[in-house]
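Keep the 3D view open while reading.

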Amino acid sequence: MYSDLPSVYYLANAEIYVTDHHSGILIDGLLEHYDGFDSLPKSIETAIMEKQPPFERLTTLIFTHTHIDHYSPGKVSAFLQRSPQTGCILPVFSSSTELEHHFTSAVLIQIPSRHLLDKGIIVPHTALILKYAGQIFFFSGDSDPVYLNRNIPQNILSACCGQVSMAFVNPFFFSLTSGHRYIS
């Protein structure tokens, strides 16, 4: 018997897999090894690539940004060639407003952001709010909490604050006062 609540798997670094008995969503889940960050164990990467349990219901790949510790274009391309029906959502670059994506079992809100330790290397970056299986999840990726506090749309905060079921945030959110808003 299936639970009404989704199952959530922490895989490595910022990789999270959320699944219910209909579908599965992988956040920042196909990446390259990068010194100083947890790498995805080869057995789990193989299970993802071959859609072995628990990844057999994987329907959507979502990425907060395209740094190699979150995203590998080669691995994503190889996966999508094997599973062309799988959706893939990459971060937005120049949008100043949130984007909302509706798919069969979920709603994803991408909130344009700035990378936490942006040192002039600009990559598209988004924080994510995922409404899935009756739950609301927040994913910071490597968003700068100061930037989010100033730029996250009030209607998004109003709709989600106090209702977020689970938040996945960069550890810097714990040490920066501006990050406490997302984890309290």
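This is a predicted model: local features need pLDDT of at least 70, side-chain atom pairs count only at pLDDT 80 or more; totals for chains, interfaces and linings use all residues.

β4 and β5 run parallel and are joined by three bridges. I62 stands opposite I89 in β5.

Which residues of α2 are buried? Helix α2 spans residues 73–82, and K75, V76 and F79 are buried there. Around the axis they cover an arc of only 100°, which puts them on the same side of α2. What do the buried residues of α2 pack against? They pack against α1 (42–49), β4 (58–62) and β5 (87–89).

The contact with α1 can be followed residue by residue. E45, I48 and M49 in α1 meet K75, A78, F79 and R82 in α2. By class, this contact of α1 with α2 has four nonpolar and three charged residues, and no polar ones. The axes of α1 and α2 come within 10 Å. They cross at roughly 40°. An angle under 35 degrees would count as roughly parallel, and 65 to 115 as roughly perpendicular. The two helices, α1 and α2, are therefore oblique to each other.

**The sheet from β6 to β10**

Another open sheet of five strands has the order β6-β7-β8-β9-β10. Its pairing is mixed. β6 (99–103) and β10 (166–168) stand at the edges. Each has a single partner strand, so one side of each is left without a neighbour in the sheet. From one strand to the next, the twist averages 15°.

How are the strands of this sheet joined? The table goes through the pairs in order.

| Strand pair | Sense | Bridges | Example of facing residues |
|---|---|---|---|
| β6 and β7 | antiparallel | five bridges | L99 and Q110 |
| β7 and β8 | antiparallel | seven bridges | L108 and L130 |
| β8 and β9 | antiparallel | five bridges | L128 and F139 |
| β9 and β10 | parallel | three bridges | F138 and A167 |

Two hairpins belong to this picture. β6 and β7 form a hairpin with two residues between them. β8 and β9 also form a hairpin, again with two residues between them. In the turn of the β8 and β9 hairpin, A133 has a positive phi of about 50°. Strand β8 covers residues 126–132, and β9 covers residues 135–139. K131 is placed opposite I136 in β9.

Now take β7, which covers residues 106–112. Are its residues buried or exposed? Seven of the seven are buried, so β7 is largely enclosed by the rest of the structure. A106, L108, Q110 and P112 point one way from the strand. V107, I109 and I111 point the other way, and all of these residues are buried. Q110 is also the bridge partner of L99, while L108 stands opposite L130 in β8.

F139 stands opposite L128. I136 stands opposite K131. F138 stands opposite A167 in β10.

**Where to look again**

Terms used: Residues are numbered from 1 along each chain as its sequence is written. Side-chain values use heavy atoms; hydrogens and water are left out. Buried means under 20% relative accessible area, exposed over 50%, partly exposed in between (1.4 Å probe, protein chains only). Helices (H or I, at least four residues) and strands (E, at least two) are DSSP runs, numbered from the N terminus. The arc is that of the directions from the helix axis to the C-beta atoms. Contact means heavy atoms within 4.5 Å. Two strands pair if DSSP finds at least two bridges between them. Axes are lines fitted to C-alpha atoms, for helices over the stretch in contact, and angles run from 0 to 180 degrees between N-to-C directions. Angles under 35 degrees count as roughly parallel, over 145 as roughly antiparallel, 65 to 115 as roughly perpendicular and the rest as oblique. Ala, Val, Leu, Ile, Met, Phe, Trp, Tyr, Cys and Pro count as nonpolar, Asp, Glu, Lys and Arg as charged, and the others, Gly among them, as polar.
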